[in-house]
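Me: I would like to learn how to read a structural model feature by feature, with the general idea given before the particular case. Could we go through the one shown here together?

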Amino acid sequence: MSLSTALSIAQQSILNTGRQTSVVSRNVLDSQNPDYTRRSAVVSSSAPGARVVEIHRATNEQLFRQNLSAQSAWSGQSALYYGMEQLGLAVNGVDNATSPANAIGELQKALQLYSATPSNGNLAANAINAARQVVRGLNEASTTIQTFRVQTDQEIATAVNELNTLLADFQAANNNVINGTRAGRDASDALDQRDAILKKIADYVPVSSFKRGDNDMVLMTMDGTTLFEAVPRTVSFQQSTAYAAGMTGNAVYVDGVPIATATGGNTNASGKLAGLVQLRDSVSSTMQSQLDEIARGLITAFAETDQTGGVAPDAPGLFTWPGAPGMPPAGTLVDGLAGTIRLNAAMDPDAGGNPQLLRDGGANGVAYVANTTGGASYAELLIAYGDRLEQPIAFDNAAGNGANSSLVNYSTSSIGWFEGLRKEAFGAAESKEALAVRTAEALSNETGVNVDMEMSLLLDLEHSYEASARLIKAVDEMLAALLAAVR
């Protein structure tokens, strides 16, 4: 081997070592960046010496897809669970202190005390006040639920806008990848950027992808709807500014195709958007329906009946509604009834009414008076009202809480339904989060940076650099000796 060849080999080695050192240094610098993928300088032999062929970017497509899927599932589940936490606290309060079941329980106690001493006017006022709290609780809960649905609708609109922005960013990153690949440049940074955006997109909707020529990527939702192909497809949503009981919200459309409706506490929703839609149209609406059925049960339980033996129809007693003097249809859900139920003004002292009509009857006229003798110790009607709260009545199955139950049990099981769903959502959120974390860790182990390994590689490169430097020094010394001999 000639001295010039040896010198050329040593120089090429130093250049290669410098390039490799630069790559390793970049790895160490970005080791804490979760969106950074480890690079390595791939070196191949060529006569004479060696040369850097390309910068290799670590990848594992299977793990990356699994991580995207797990991330979508967790995002949808967490949107549902945390929304239910807020909804439960807003409607039922801490430890269900403001729930309808708790208010009805207080009304029961007030009725029992009043029936034990029916001549006590203060106990009559207390019973009416307890009924007022039931009405107020139902009215406020109904308003809270519809306000919550409006807020959830706003979250959906915000999420749709963010998703459209991410898709536009994805287009720019994808174009950078394509242009870099076509030009033969290192496109690692552009690929990292594109993958990072893809992870964020997966938070909103579940995505699948495939690559075409020049590393061009096409995105679809899991049901096959195109999300991105050369240009972003439109994700659209029409926000509603107000909600009423029984009203279904607008769907979210991806390229004109609606996002599928999700169900269950362990929801099959993938992505934040599907979780929010389920929260708005399923969980909240079902909770509202159960409140409406509780309101209907109260009106029915305290209805006044014709005491003359005639055929006068039953009429609302302690509790009334906008459809009075008629009664709500038996066993049939009346949307929004919880928001419109009222305390009967004939019994409400704040409205000039007589609280003792609860004991005697007659809020709807003399035909409905039960205490016809006017006895101060008359308690049969009060006892009957208390019994009705414990007697089974028909409820609409559409409310999702059974068809036949007492009003007390129905209001309690409504809490149980919500808490059971919330508990299921919590357990599923924990397991899906764990899966997302594990797949992210597995992906990081495959494609992330291990600083210890990089530092070890830096030492090897340092030794390689020293060896090349010694070779150059030796060649220099031999050339100097040769020139000295010639002179």
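Me: Which residue forms a salt bridge with Asp348, and how far apart are the closest N and O atoms?

Reply: Please keep in mind throughout that this is a predicted model. As a general idea, side chains of opposite charge can pair when their charged atoms come close. Here Asp348 forms a salt bridge with Arg132, and the closest N and O atoms of the pair are 2.3 Å apart. Asp348 lies in the loop between strand E11 (342-343) and helix H8 (357-360), whereas Arg132 belongs to helix H4 (residues 121-183), so the pair ties together parts that are 216 residues apart in sequence.

Me: How many salt bridges does a search of the whole structure find?

Reply: The search of the whole structure finds 23 salt bridges.

Me: How should I read a sheet, and what is the order of the strands in the open sheet of four?

Reply: Strands of a sheet pair through backbone hydrogen bonds, either parallel or antiparallel. In this open sheet the order is E3-E4-E5-E6, and the pairing is antiparallel. E3 and strand E6 (231-232) stand at the edges with a single partner strand each, so one side of each is left without a neighbour in the sheet.

Me: How many bridges join the paired strands of that sheet, taking E3 with E4, E4 with E5, and E5 with E6?

Reply: Strand E3 (residues 207-211) and strand E4 (residues 217-221) pair over five bridges, and Val218 in E4 is the bridge partner of Phe210. E4 and E5 pair over two bridges, with Met220 standing opposite Thr226 in E5. Strand E5 (residues 226-229) and E6 also pair antiparallel, over two bridges, and there Glu229 stands opposite Val231 in E6.

Me: What should I look for in the turns of the hairpins, and which residues have a positive phi there?

Reply: Most residues other than glycine have a negative phi, and most peptide bonds are trans. The hairpin of E3 and E4 has five residues between the strands, and among its features is the positive phi near 65° of Asp214. In the hairpin of E4 and E5, with four residues between the strands, Gly224 in the turn has a positive phi of about 95°. The hairpin of E5 and E6 has one residue between the strands, and Ala230 takes a positive phi near 70°.

Me: Where else is a positive phi found, and which peptide bond is cis?

Reply: Just after helix H2, Gly93 takes a positive phi of about 75°. Asn96, although it is not a glycine, has a positive phi of about 60°, and its place is in the loop between H2 and helix H3 (100-116). The peptide bond from Ala324 to Pro325 is cis, with omega near 15°, and Pro325 is found in the loop between strand E10 (319-320) and helix H7 (337-340).

Me: How does the span of helix H2 from its first C-alpha to its last stand beside the expected one?

Reply: Helix H2 (residues 61-92) has 32 residues and reaches 46 Å from its first C-alpha to its last, which is close to the 46 Å expected at 1.5 Å a residue.

Me: How do I describe two helices that meet, and at what angle do the axes of H6 and H9 cross?

Reply: Two packed helices are described by the angle between their axes and the distance between the axes. The axes of helix H6 (residues 272-301) and helix H9 (residues 380-390) come within 9 Å and cross at roughly 145°, and the crossing is right-handed. Leu298, Thr300 and Ala301 of H6 make the contact with Tyr385, Arg388 and Leu389 of H9. By class, the residues of this contact divide into four nonpolar, one polar and one charged.

Notes. Residues numbered from 1 in each chain as written. Predicted model: local features only at pLDDT ≥ 70, side-chain atom pairs only at ≥ 80, totals over all residues. Heavy atoms only, no water. Pairing = 2+ DSSP bridges. Expected span 1.5 Å × (residues − 1). Axes fitted to C-alpha atoms, helices over the stretch in contact; angles between N-to-C directions. Left-handed = near helix turned anticlockwise from the far one by under 90°. Contact = heavy atoms within 4.5 Å. Nonpolar A, V, L, I, M, F, W, Y, C, P; charged D, E, K, R; others polar. Salt bridge = Lys/Arg side-chain N within 4 Å of Asp/Glu carboxyl O.
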